[in-house]
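The following note is meant for a colleague who is meeting this structure for the first time. Its points are numbered so that each can be checked against the model in turn.

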Amino acid sequence: MAALPPPVAAIRVAVRRALTDVPRDRPVLVACSGGADSLALAAATAFVAPRLGVAAGLVSVDHGLQAGSAVRAAEVAQWAREVGFAPAEAVAVQVAGRPGGPEAAAREARYQALVGAAHRYDASTVLLGHTRDDQAETVLLALARGAGSRGLAGMPVQRELAGVVLSRPLLDVSREQTRKACAMLGLTPWEDPHNTDDRYARARVRAEVLPVLVRTLGPGVLDNLARTARLAAADTAALDELARVGYAEARITPGGTRSAGGTVDGLAVSVLAAMPAAVRTRVLHLWARELGASPAALSHRHVAALDALVTAWRGQGPAHLPGGIRATRRGAELLAEQDGGLVAERDGGPVAERGQGPAVE
Ligand SMILES: Nc1ncnc2c1ncn2[C@@H]1O[C@H](COP(=O)(O)OP(=O)(O)OP(=O)(O)O)[C@@H](O)[C@H]1O
């Protein structure tokens, strides 16, 4: 018997690892655009899942943004049925009318559709085809916009969205390997025109920046960028845990502090001041989110203004947060108020409407 070509074997190993811990009594779904990455992922899943006793379905999302997208999604679903996926669906989504740029709107619509399908079929997990190269691009983009260690951590191997695990088995597999695997399996991937459209920063990084880095620094640079993401992810997880503990310690509850959306405590300045900056800024971020500031709108600038109330106090006015929230220092405490009243008021002050909690995605 001929040996399995290395790219096919590497992708199967990665998928096997990802499926080892999924519940055996619920299906998984592969999110497949028809591109090389998710096609290679789907082919490997079709092989591995039945051998592990895991039912596997596939969803291809039609964003309706390009001519022929519905046909492509239907073809992917048809191929999936032929190789044994059940269910195998093409799902059309409405991208127009969503907030944010076109890329963000398409992503939001796609994740909604994928999670919706997972709920419909009681799937525990959705498998995504992001590769090491996607991770390297994500790290570079984060570095370029000054995103800090959370951004450098790139895409997580796993995260949960609305009760569904989003899993990325191919983060250690190169794009070259997914292309080769498709070719070796006789699969013809769809080429997404967005991937080469230089209006998108990611496409420019892919086409121009990464090749220069590889040429000047050597081929190991992509692995190194992906390793940076893993290291930063571990650091971030540790700091987040310290921040959760620190947040609990800094909260002030005497007499209870109230808001319309529940109790939101103030914070003790002395406890905050004793924390390392990396922990303190995370605590302030957590607090701002609990006050109702949307995570998407909450920026480094907002957190820096909150931090200045602790570390550069000179009697300045409030720090303004998204959602009309103002955080003020009163003596040894940070308290917050919102247009129309106090959000965190000790000893029962006026009660304000709270903004909506964090968006799902
Ligand atoms: N239209 C779609 N339908 C289903 N899943 C999708 C779709 N578009 C993207 N995905 C999922 O998200 C992953 C990342 O997609 P993205 O377009 O950002 O990267 P990519 O490297 O071009 O992936 P691919 O080669 O699989 O298209 C895909 O691998 C796939 O799992």
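This is a predicted model: local features need pLDDT of at least 70, side-chain atom pairs count only at pLDDT 80 or more; totals for chains, interfaces and linings use all residues.

1. Helices H11 and H12 pack with their axes 9 Å apart, at an angle of about 110°. This makes H11 roughly perpendicular to H12, a term for angles of 65 to 115 degrees, while angles under 35 degrees are roughly parallel, those over 145 roughly antiparallel and the rest oblique. Axes here are lines fitted to C-alpha atoms, for helices over the stretch in contact, and angles run from 0 to 180 degrees between N-to-C directions. Helices (H or I, at least four residues) and strands (E, at least two) are DSSP runs, numbered from the N terminus.

2. The crossing of H11 and H12 is right-handed; a crossing is right-handed if the near helix is turned clockwise from the far one by less than a right angle, and left-handed if anticlockwise. From H11, the residues Arg280, Thr281, Leu284, His285 and Ala288 meet His302, Val303, Leu306, Asp307 and Val310 of H12. Two residues are in contact if their C-beta atoms, placed from the backbone, lie within 7 Å. The contact of H11 with H12 has five nonpolar, three polar and two charged residues. In this classification Ala, Val, Leu, Ile, Met, Phe, Trp, Tyr, Cys and Pro are nonpolar, Asp, Glu, Lys and Arg are charged, and the others, Gly among them, are polar.

3. Residues are numbered from 1 along each chain as its sequence is written.

4. As to the overall fold, the protein has 12 helices and 14 strands. Its C-alpha trace spans about 75 × 50 × 40 Å along the principal axes. Of the 361 residues in the protein, 40% are buried; a residue is buried if 20 or more other C-beta atoms lie within 10 Å of its own, exposed if 12 or fewer, and partly exposed in between, with C-beta atoms placed from the backbone. Among the contacts with a separation of 6 or more, 67% are between residues 24 or more positions apart.

5. H11 (residues 277–291) also packs against helix H9 (residues 221–250): their axes come within 8 Å and cross at roughly 65°. H9 and H11 are therefore roughly perpendicular to each other, and H9 passes H11 in a right-handed crossing. On the H9 side the contact uses Leu239, Asp240, Leu242, Ala243, Gly246, Tyr247 and Ala250, which meet Ala278, Val279, Arg282, Val283, Leu286 and Trp287 of H11. By class, the residues of this contact divide into 10 nonpolar, one polar and two charged.

6. Which residues join helix H1 to H2? H1 (residues 6–19) and H2 pack at an angle of about 55°, with axes 9 Å apart, and are therefore oblique to each other. Their crossing is right-handed. The contact is made by Ile11, Arg12, Val15, Arg16 and Leu19 of H1, together with Ala40, Leu41, Ala44, Thr45, Phe47, Val48, Ala49 and Leu52 of H2. It comprises 10 nonpolar, one polar and two charged residues.

7. H2 (36–52) also takes part in the shell around the ligand, where H2 and strand S2 (56–62) each supply at least two residues. Of the 17 residues around the ligand, Ala31, Gly35, Asp37, Ser38 and Gly129 come nearest; a residue is near a molecule or strand if its C-beta atom, placed from the backbone, lies within 6 Å of it. The shell divides into six nonpolar, seven polar and four charged residues.

8. Most residues other than glycine have a negative phi, and most peptide bonds are trans. The peptide bond from Ala86 to Pro87 is cis, with omega near 0°, and Pro87 lies in the loop between helix H3 (69–82) and strand S3 (88–92). Asp122, although not a glycine, has a positive phi of about 55°. Asp122 sits in the loop between helix H4 (102–120) and strand S4 (125–127), and is exposed, with 10 other C-beta atoms within 10 Å.

9. Ala162 likewise has a positive phi, near 50°. Its place is the loop between strand S5 (158–161) and strand S6 (164–167), and with 13 C-beta neighbours inside 10 Å Ala162 counts as partly exposed.
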